[in-house]
Amino acid sequence: MISVSSAAELNSAAVAFKLPDQIQWSAPDARGVQTAVMVGDPNKPGFYAVLTKWLKGNHFSRPHFHPNDRYITVLAGTWWVGTGPKFDPDHATVPMPAGSFVTHFGKQVHWDGAKDEDAVLLIMGEGPGTSTGAEEK
């Protein structure tokens, strides 16, 4: 095991980092999602990078869209993705295992979440990363 205390000191003008235990995750929201903003602010114009953890237990967003493209890498677990305004996680989702890369195109309806295991994602894009509901009623 590598000890951080025995590692060299890095020049903070050259490199910034957070070790896993230093990442500040939010409390789970009503959808079963935790987030940690790594770079920027997804609520403001400009580049952002956010870690998102969908908690297991059939937690899903409802159909929605974002104004700008978002680029997502699945870091751990399996993330389930659906498209279109009809919400049907049991029959209309595709599993994205760890290592998958997904682009959510701006203004296109999608929804997503986790079923039987947590899914950890790195989401990057240009803010503001607002979400507009688009579910078929």
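Reply: What you see is a predicted model, in which local features need pLDDT of at least 70 and side-chain atom pairs count at pLDDT 80 or more, while totals for chains, interfaces and linings use all residues. Residues are numbered from 1 along each chain as its sequence is written, and side-chain values use heavy atoms, with hydrogens and water left out.

Me: What percentage of the 137 residues of the chain count as buried?

Reply: Buried means under 20% relative accessible area, exposed means over 50%, and partly exposed lies in between, with a 1.4 Å probe and protein chains only. An example is T52 in strand 2 (residues 46-54), which counts as buried because its relative accessibility is 6%. Over the 137 residues of the chain, the buried share is 35%.

Me: Which residues does T52 touch, not counting residues up to four places away in sequence?

Reply: Contact means heavy atoms within 4.5 Å. T52 lies in strand 2, and residues up to four places away in sequence are not counted here. The residues that T52 touches are W25, V33, Q34, T35, A119, V120, L121 and I123.

Me: How far apart in space are H59 and R31, C-alpha to C-alpha?

Reply: H59 is in strand 3 (residues 59-60), and its relative accessibility of 25% makes it partly exposed. Leaving aside neighbours within four places, its contacts include R31, G32 and W54. Although H59 and R31 are 28 residues apart in sequence, their C-alpha distance is 5.8 Å.

Me: Which residue forms a salt bridge with R31?

Reply: A salt bridge is a side-chain nitrogen of Lys or Arg within 4 Å of a carboxyl oxygen of Asp or Glu, and the structure holds three of them. In this one the closest N and O atoms are 2.8 Å apart. R31 is partly exposed at 39%, and its partner in the salt bridge is D29.

Me: How many residues apart in sequence are the parts that R62 and E135 tie together?

Reply: The side chains of R62 and E135 meet in a salt bridge with an N to O distance of 2.7 Å. R62 lies in the loop between strand 3 and strand 4 (64-65), whereas E135 belongs to the segment after strand 11, so the parts that this pair ties together have a sequence separation of 73 residues.

Me: What is the phi of N58?

Reply: Most residues other than glycine have a negative phi, and most peptide bonds are trans. N58 is found in the loop between strand 2 and strand 3, where it counts as exposed because its relative accessibility is 52%. Although N58 is not a glycine, its phi is positive, at about 55°.

Me: Where is P128 placed?

Reply: The peptide bond from G127 to P128 is cis, with omega near 0°. Its residue P128 is placed in the loop between strand 10 (119-127) and strand 11 (132-133).

Methods. Helices (H or I, at least four residues) and strands (E, at least two) are DSSP runs, numbered from the N terminus.
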